[in-house]
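This report describes the fold of the two chains shown below. Please keep the sequence and the structure in view while reading.

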Amino acid sequence: MRVFAATPFAAALFALPVLAQHGMYLSDSKNPAIGNPEAIAAGTKLFMGSCAGCHGPDGGGGARGPNLVRRSLWHPLSDENIFSVIRNGVADMPATKLPDDQTWNLVAFIHSLTGPASTNPVPGDPAAGKAIYWGAKAGCANCHSIRGQGGSMGPDLSNIGGSRPLAVIRESVVEPAKDLYYLGNEAATVELKNGQKLEGVAKNRSNYSLQLVDTKGALHLIQMRDVKKLTISDTTPMPTDFAKRLSRTELRDLLAYLAKQDIRSKESAQ
Amino acid sequence: MIRPVLFALLLTGSAVAQVSHEEIAKGAGENWLTYAGTYSGWRYSPLQQINAANVRNVVPKWVYHVPGARGLQSSPIVYQGVLYVTAPNSIYAVDGRTGRLIWRYADPRAKANGANRGAAIWQDKVYFTTTDNYLVALNRHTGALIFNKQYADVAKGTTSTSAPVIAKGKVIVGSSGGDGGMRGFLMALSADTGEELWKTYTIPAKGEKGSETWGDLIDWGGGATWLSGTYDPELNTLYWTTGNPWPDYNGSVRPGDNLYSCSLLALDLDTGKMKWYFQFTPHDTHDWDAQSWPVLLDTEIAGKPRKAVLHANRNGFFYALDRVTGEFLRATPLIDKVTWAKGIDAKGRPIELPNIEPSAEGRWICPSVKGATNWMGQSYNPGTGLLYVLTLEQCGMYFRSSQQPQPMKNFSGGGATEEGGQVILRALNPKTGLRVWEYPMTGLGRMWTGTVSTAGGIIFSGDDDGNVLALDAKNGKHLWHFNVGEMLTASPVVYSIDGKQYVAIASASAVFSFGLFEPAESIASPVIEIKKK
């Protein structure tokens, strides 16, 4: 029975490739509207007037239009492609008659929602956020590393700003157990048939093999035929109380710091 | 906050293993720790579980399809059963027993195009370079970024394609882009920080010794170092080959020998200082880079024991030099049809035939622009005492453009075409430079696969039609082949995990790993307990 109980969970695991968190975005756009606060402000107005009805005011999706922010994770579009979807429409979405510059303003706004955080203006004080990140109150570095510093149990965050929209980073800090964020990072205990016991994070798992990073950061490639018992958590090992643990300002600053983490940024993170 | 403490209380296992200089210097075994398997460039494995008698029982064990890959050129690094395979601007850690992806790191915003030929490993880090010259160091267990540091400017025409070579904590990186105008160099970077330790240009600056062998284009002279070199720990010397002078096909704008293009350089590992050089093709006008890599071997040549360096050159000749002094010892034809030089003289300089320069109408010359051999990995097998080299019997037309050369505009001073041709795997005797046997292949001369040879008396390679193959190292007899269904453009490696030997090779789009047949076994599901939070 226990084996059967585990099956749906294992099936969910297959669905996601479990990868280091790098390089999700397609390309850097060359249009000057991208990342330009004035263009984004102008685009916001256009979006609220014509797009928010279907896609939601924050691009988070509505009854008739998809979630633009989440969509960027599994099907990223280049800015040029977003431009052409706005111009020509797609499926039930109508074409528009906006001139080029206004269309680019709209793209700039959507980019600010869906593009990597490091390419967009982000509120908050990254220097204050840095202190929060590395300090005891948030304790991020216990599990996460940035450019070689910090723990190795959680995903590396060296490129989190260069690969994720701000809204997605925010969601994974505040609601780490939501949806499938934790998959590929479940706390796990493995008892091998030879008596050895391993404790760590299950990075990748199938019916036949399991990759486990132990508490010292060492990788173990385990064949399931060698496993006597696997105990695995059904949720994230990450604390779920950051919305309470940090003040609104602290959270904003922490996000501002994370938004700056980009492997293509010249300045060092520490 | 509680969980890290919990983890800490349940510590198990031993200290995390670190790849040391000694381990790399020992050469390939269970692991494959440097581009050519050994610092001496042998691509040789002492493993012998798979041998000439049982290789017919070899079957594919797994395939890993590298996302979006085309024409992979990566030679995997293997440590403790994990393969590290590169594609341009990305690297993949794959379980060597199952082919499952462990992690990947990608940098899709790199600002250049080009191939990538492999990774390097040192202590607990894995290294590769991006097309736009960042050295990237990653935690080998998790793929987490440790540092990435740009060491050269893509705006000066330099890109990166080769696998770094790490010796004594120095990461040696080369330079690509010699066909478009750039100044070639070799650099040593700190494995700990990526800081520059030394940089040695392969083309002298104006006024420096050797600059008299150039005209005004010396600043863009090429001499790229686009393939990994080799290293002699005892002499503490790096052996690195250099590419063609620029512009490739128009020699009239660069009068002289064009030092140190198309050469072998011997450099001190600690300082990068040049100990000696040897130029194979002075004033090259046929894009005959001096890749492939130099093979280091102590052997008897002309009755005298030598610390030799062997080099199969794109220009059609197979060279032997003294690697202590750089003295030229011998050159023999690598292929049957060489029409640009009658031979090599006693000092090592080619005896050129007339009318070999590319022209406006085109000049028909053998070998072709691809060369008599290229960057396909050679291997030396101490058991047979033979060196295995992929060669190409092919001729081609060479054209010269009279257009004013402009660097970094994709201009090479002309062009070349090649026609027909045949790939032939040849076994050479390093003592004499003569062929012992050969294995001709059917195909269009498009393969780029190298070789690996083992103590099991086998050579693994690929043919010119997408077959991975095994030959008897003694006589070249075909023993086994497997069709991967697409062209092979990389060299195989051999490794072992859990007492089982594997041979792995990247095809155009995937990594294949092979081993001896074992009947499948049913895997019972273990007890899995899901813990509710």
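## An antiparallel sheet in chain B

Strand E9 (residues 134-139) of chain B pairs with E10(B) in the antiparallel sense, over 5 bridges. Strands here are DSSP runs of E of at least two residues, helices are runs of H or I of at least four residues, and both are numbered from the N terminus; two strands count as paired if DSSP finds at least two bridges between them.

The model is predicted: local features need pLDDT of at least 70 and side-chain atom pairs count only at pLDDT 80 or more, while totals for chains, interfaces and linings use all residues. Residues are numbered from 1 along each chain as its sequence is written, and chains are lettered from A and ligands numbered from 1 in the order in which they are written.

## A hairpin in chain B

Strand E25 (residues 341-344) and strand E26 (residues 350-352) of chain B run antiparallel and are joined by 3 bridges. Ile344(B) has Pro350(B) in E26(B) as its bridge partner. The hairpin has 5 residues between the strands, and Gly348(B) takes a positive phi near 100° there.

## Backbone exceptions

Most residues other than glycine have a negative phi, and most peptide bonds are trans. Arg43(B) has a positive phi near 45° and lies in the loop between helix H2 (21-25) and strand E1 (44-45) of chain B. Arg43(B) is buried, with 31 other C-beta atoms within 10 Å. A residue is called buried if 20 or more other C-beta atoms lie within 10 Å of its own, exposed if 12 or fewer, and partly exposed in between, with C-beta atoms placed from the backbone. Asn133(B), also not a glycine, has a positive phi of about 70°. Asn133(B) is in the loop between strand E8 (125-129) and E9 of chain B, and counts as buried with 24 C-beta neighbours inside 10 Å.

## Nonpolar cores

The largest nonpolar core has 177 residues, and those with the most contacts inside it include Tyr84(B), Ile121(B), Val171(B) and Ala470(B). Such a core is a set of buried Ala, Val, Leu, Ile, Met, Phe, Trp, Tyr and Cys residues joined through C-beta atoms within 7 Å. Strand E29 (residues 386-400) of chain B gives the largest share of this core, 7 residues. Apart from it lies another core, of 39 residues, among them Val69(A), Leu77(A), Ile82(A) and Val168(A).

Beyond its neighbours within four places in sequence, Ala470(B) is in contact with residues including Val55(B), Ile458(B), Phe460(B) and Trp480(B); contact means that the C-beta atoms, placed from the backbone, lie within 7 Å.

## Helix H11 of chain A

Helix H11 (residues 248-259) of chain A has 12 residues, which at 1.5 Å a residue should span 16 Å, and its end C-alpha atoms are 16 Å apart, in agreement. The expected span is 1.5 Å times one less than the number of residues. Buried residues of H11(A) include Leu251(A), Asp253(A), Leu255(A) and Tyr257(A). The buried residues of H11(A) pack against helix H7 (126-134), helix H8 (160-163), helix H9 (166-174) and helix H10 (242-245) of chain A.

Arg170(A) is placed in helix H9 of chain A and is buried, with 20 other C-beta atoms within 10 Å. The C-alpha atoms of Arg170(A) and Leu255(A) are separated by 6.7 Å, although the residues are 85 apart along the chain.

Chain A has 11 helices and 7 strands, and 45% of its 270 residues are buried. Chain B has 2 helices and 39 strands, and 59% of its 533 residues count as buried.

Terms used
Contact = placed C-beta atoms within 7 Å.
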